[in-house]
Every structure is written in structure tokens, then in C-alpha cells.
Amino acid sequence: MAEQSCLVTNDWICGEYLRSRSQELADATVQHIGITVVSVLIGLAVAFPLALLARRGPRFAGPVLGLTTVLYTVPSLAMFSLLLPLFGLSAALVVTGLVLYSLTILVRNILAGLDAVPQEAKEAARGMGYGPGRLLWEVELPLALPAVMAGLRIATVSTVALTTVGSLVGKGGLGNLIEDALPSFFKAQVLTAAVLCVVLAVVADLLLLGLQRLLTPWTRISGTVEAAPAKTDAGPPAPATVKAG
């Protein structure tokens with residue numbers, strides 16, 4: 001008897017599914033990436049001025065942090081229902097919801113990074129004639145980049161996962177494939193879409209980590225140089241040693 005197709009036996013791992021649905025998988029992946037990238041970039045653009053507002057003092061920090069936290073706790077189904085009258089069944093509906101969810105992570109990390117800038121560095125810059133704007137862009141932001149990039153990585157990975165919820169309105173990228181496969185429990189489609197989501201999250205995190213290391217080369221210097229001891233009558237000083245990071 002000829003061996004049955006893995007599509008007929010509904011196997012979890014099915015090469016025939018990958019070959020026959022390759023275009024469908026590619027289209028869903030591209031949509032998933034597009035929604036994620038747009039959502040994170042808009043979220044970052046919105047979070048930055050909110051973080052600057054919050055650092056002006058407790059009078060502003062309380063409402064900003066409180067509002068972003070409340071938005072993060074709203075269930076996705078309720079969020080999309082509230083936004084539906086404004087955007088209809090469109091990708092903008094999903095993007096807006098994802099932007100709102102990303103704000104609590106991005107605002108807090110940007111604020112934490114800026115607050116962690118050493119006061120000595122800011123005082124030195126002011127002593128050199130730096131105004132508030134130049135101080136922010138040339139001193140505070142570069143020193144805050146590790147914390148900002150850490151928040152960006154978390155927000156991106158979170159958005160990759162949350163994008164699948166967009167399948168509720170047919171704009172969920174790989175989530176659309178998962179939703180379509182659930183009624184008949186199409187195992188190969190569920191597993192493939194889920195694995196691709198994980199792969200996208202890992203790749204995005206690694207790319208942002210590489211970007212972080214590129215933008216903050218000083219954080220890679222982990223070795224310290226020990227000072228050479230003073231010369232004595234017993235002989236020449238020992239050479240300085242370097243501890244590898």
C-alpha cells in the first residue's frame with residue numbers, strides 16, 4: 001500500500017505542507033514583519049516625548065506612567081473593540097493597538113535610561129556650554145542607549161507575539177494561519193506558524209542586540225588594566241596585566 005500523504009494523516013511535521021503552502025507562508029510572514037516594524041517604530045516615536053514629559057517631575061510622571069500601565073492591562077479583544085469605530089477592519093486598527101501596548105515598556109525604559117545618566121557628566125557638559133537640547137542629544141541619550149535598547153528589544157519581542165491577535169480582524173500575519181487551522185485542527189499549519197513566530201522574535205532580538213552593541217561600543221570594554229607596582233631596589237617592576245572580559 002502506498003504511503004499516505006502527511007497532509008492526509010494530519011501530521012505535526014509535514015514537508016508537503018511547506019512545499020504546497022510556501023507562498024501563503026511567505027505572505028503571512030511579510031505581513032507579520034510589516035505590522036511589527038511599523039508598530040514598534042511608531043511606539044518609539046510616541047514613547048520618547050512621553051518619557052521627556054514624565055521626567056519633568058512627579059506631576060507629569062504619575063499620569064504618564066499610570067496611563068501607559070492602564071493601557072497595557074486592557075485585554076486585546078476589548079482594545080480592538082474600542083478602536084474599531086475609528087479604524088474599521090484595517091491594519092491601522094492592529095497597529096494602533098500594538099503601539100498602545102508597547103508604550104508602558106518603552107516609556108519606562110527611556111525614562112530609566114535618562115535618569116541613570118551620571119550627574120557629573122551632565123554638570124561637565126553644562127560647564128562646557130551645552131544647552132538643554134544639545135545636552136539631551138549629545139550626552140544623555142548616548143549614555144541612556146543601553147536601557148533604551150533593552151526596552152526596545154522587549155517591546156519588539158512582545159509585539160511579534162501580540163501581532164497574532166490581529167487575526168481577530170484578519171490582519172494578524174502568522175496569526176491568521178493559526179486561526180484558520182484551529183477549526184479543523186490542521187496540525188502542520190498550527191505548528192509551522194507558531195515556530196515562525198518564535199523564529200521572528202529570536203531574529204528580531206538578535207538584530208537589535210547587534211545594533212545595540214554597534215551603537216554602544218564602550219559597553220563591550222569589560223577588561224580592566226591593573227596599574228604596575230612602583231619600582232623598588234629589589235628589581236624592575238612587574239609588567240601590567242590585563243584581565244580579559
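Let's start with M79: setting aside neighbours within four places in sequence, it is in contact with L71, V74, G97, L100 and Y101. Keep in mind that this is a predicted model.

**The nonpolar cores**
- M79 sits in the largest nonpolar core, which has 36 residues, and together with I110 it has the most contacts inside that core.
- Helices α3 (22–54), α4, α5 (76–87), α6 and α8 (132–162) are the elements that each give two or more residues to this core.
- Helix α6 provides the largest share, with 14 residues.
- There's also a second, separate core of 16 residues, and Y17, A28, A181 and F186 are among them.

**How α4 and α6 pack**
- Helix α4 (residues 58–73) packs against helix α6 (residues 91–115) at about 145 degrees, and their axes are 7 Å apart.
- Their crossing is left-handed.
- On the α4 side, the residues taking part are V64, L65, T68, T69, L71 and Y72.
- Over on α6, they meet L100, Y101, L103, T104, I105, V107, R108 and L111.
- Sorted by class, this contact has 10 nonpolar, three polar and one charged residues.

**A closer look at G166**
- You'll find G166 in the loop between α8 and α9 (174–181).
- G166 counts as buried because its relative accessibility is 0%.
- Not counting residues up to four places away in sequence, G166 touches F80, V94, K171, G172 and N176.
- G166 and I35 are 131 residues apart along the chain, yet 9.5 Å separates their C-alpha atoms.

Key. Residues numbered from 1 in each chain as written. Predicted model: local features only at pLDDT ≥ 70, side-chain atom pairs only at ≥ 80, totals over all residues. Heavy atoms only, no water. Axes fitted to C-alpha atoms, helices over the stretch in contact; angles between N-to-C directions. Helix = DSSP H or I, 4+ residues; strand = E, 2+ residues; numbered from the N terminus. Left-handed = near helix turned anticlockwise from the far one by under 90°. Contact = heavy atoms within 4.5 Å. Nonpolar A, V, L, I, M, F, W, Y, C, P; charged D, E, K, R; others polar. Core = buried A, V, L, I, M, F, W, Y, C linked by side-chain atoms within 4.5 Å. Buried < 20%, exposed > 50% of the residue type's maximum accessible area, 1.4 Å probe, protein only.
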